[in-house]
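Reader: I'm new to this one and would like a hand reading it. Could we take it feature by feature?

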Amino acid sequence: MKNRKTVSIIAAICLFALMIPLFCGCSAKADNENENAIKSESTIGGEIVSVRNGELLVSSDSGLYFVSNDEKTVFSKKGRGFEKSELRPGMAVQIGYNGIVQETYPAMVYAEQINVTAEEGSKINLYAEALKHIIEENERPQMKTVKTIALDFTELSDLSDKQKDALEYLMTGYFMQKSNAELIRSSYQELLKDGRLTKDGEFEDGVIFSIGNNEGKKSFFVSQNWAALNGDGCKDCTAKFRNGEWEIKYDGLWIS
């Protein structure tokens with residue numbers, strides 16, 4: 001009986017010894033996570049839409065933000081520090097800031113801390129690249145003289161309204177380099193209802209750029225329509241996120 005008791009004590013000691021590294025590892029991990037937790041007065045959660053000259057454009061549920069940072073800003077990813085040069089569009093982030101927001105559009109904040117929470121965000125940049133590709137593959141001379149550019153996102157079901165605002169903002173900057181046209185968000189049906197189309201459905205001095213998700217498929221479409229029988233696009237685009245970038249495959253190309 002005494003021997004059994006002794007064996008049990010020894011076994012318990014051995015088990016405790018084996019668990020010590022595990023406890024230490026958990027403690028170290030917790031300390032590391034606590035060290036990188038947002039300590040600022042206020043936070044914004046969202047995704048990086050663009051990175052330019054060290055400044056981030058971030059889309060969140062509350063809107064668009066320009067996020068500035070400097071050498072005092074703390075950067076971390078999965079509990080580890082990293083360089084701000086590693087920041088790229090599509091990353092999901094938590095921004096810690098001092099609570100001060102400059103009421104511009106987009107709003108502006110200064111980041112005290114930026115934590116990357118995921119490598120792949122939404123498809124804002126994917127859709128922007130697809131639109132640019134269709135435009136530039138068959139760029140029309142009318143782009144320089146067109147008076148109205150309509151963006152139709154009504155069938156884009158996997159972006160929220162705020163994310164669509166971010167996509168519109170990206171495309172606004174793109175079109176400003178190509179045209180002096182008025183940029184609006186409107187579908188063909190809305191333009192027809194507002195009387196901006198002729199009886200024959202022509203959008204005089206205008207063009208509609210459309211992008212949307214194909215129903216029941218893991219693909220999307222994109223097109224540019226300059227007139228009732230004058231346009232081009234892709235019916236079945238697919239994309240994969242690899243090595244921090246979207247790889248797009250364009251199937252079902254058409255032109256009329």
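Author: Helices (H or I, at least four residues) and strands (E, at least two) are DSSP runs, numbered from the N terminus, and two strands pair if DSSP finds at least two bridges between them. Here strand 2 and strand 3 (residues 63–68) pair in the antiparallel sense over five bridges. They form a hairpin with two residues between them, and L56 stands opposite V67 in strand 3.

Reader: Before we go on, what am I looking at?

Author: This is a predicted model, where local features need pLDDT of at least 70 and side-chain atom pairs count only at pLDDT 80 or more, while totals for chains, interfaces and linings use all residues. Residues are numbered from 1 along each chain as its sequence is written, and side-chain values use heavy atoms, with hydrogens and water left out. The chain has four helices and 13 strands.

Reader: How does strand 1 pair with strand 2?

Author: Strand 1 and strand 2 pair in the antiparallel sense, over six bridges. G46 stands opposite S60 in strand 2. Their hairpin has two residues between the strands, and N53 takes a positive phi near 50 degrees there.

Reader: Why is strand 2 described as largely enclosed?

Author: Buried means under 20% relative accessible area, exposed over 50%, and partly exposed in between (1.4 Å probe, protein chains only). Five of the six residues of strand 2 are buried, so the rest of the structure largely encloses it. For the chain of 256 residues, the buried share is 40%.

Reader: And what does Q163 touch?

Author: Contact means heavy atoms within 4.5 Å. Q163 is found in helix 3 and is buried, with a relative accessible area of 16%. Leaving aside neighbours within four places in sequence, Q163 is in contact with E47, S59, S122, I124 and D158. Across the chain, residues 24 or more positions apart account for 62% of the contacts with a separation of 6 or more.

Reader: In what order do the strands of the open sheet run?

Author: A general idea to start: in a regular strand the side chains alternate between the two faces of the sheet. In this case six strands form an open sheet in the order 9-8-10-11-12-13, with mixed pairing. Strand 9 (182–185) and strand 13 (245–255) are the edge strands, each pairing on one side only. For angles, axes are lines fitted to C-alpha atoms, for helices over the stretch in contact, and the values run from 0 to 180 degrees between N-to-C directions. Neighbouring strands of this sheet are turned by 20 degrees against each other on average, direction ignored. Helix 3 (residues 161–176) packs on the sheet, touching strand 8 (148–152), strand 9 and strand 10 (206–213), and its direction makes about 165 degrees with that of strand 9.

Reader: Which residues are closest to the centre of the largest pocket?

Author: On a 1 Å grid over the protein atoms alone, a pocket is an open set of points where a 1.4 Å probe fits, with protein on both sides within 12 Å along at least five of seven lines; lining residues have an atom within 4 Å of a point. Grid points are joined across faces, edges and corners, and a volume is the space filled by probe spheres set on the points. The largest pocket has a volume of about 410 Å³. Of its 17 lining residues, the closest to the centre are S50, R52, L57, Y169 and L170. Helix 3 gives the most to this lining, with five residues.
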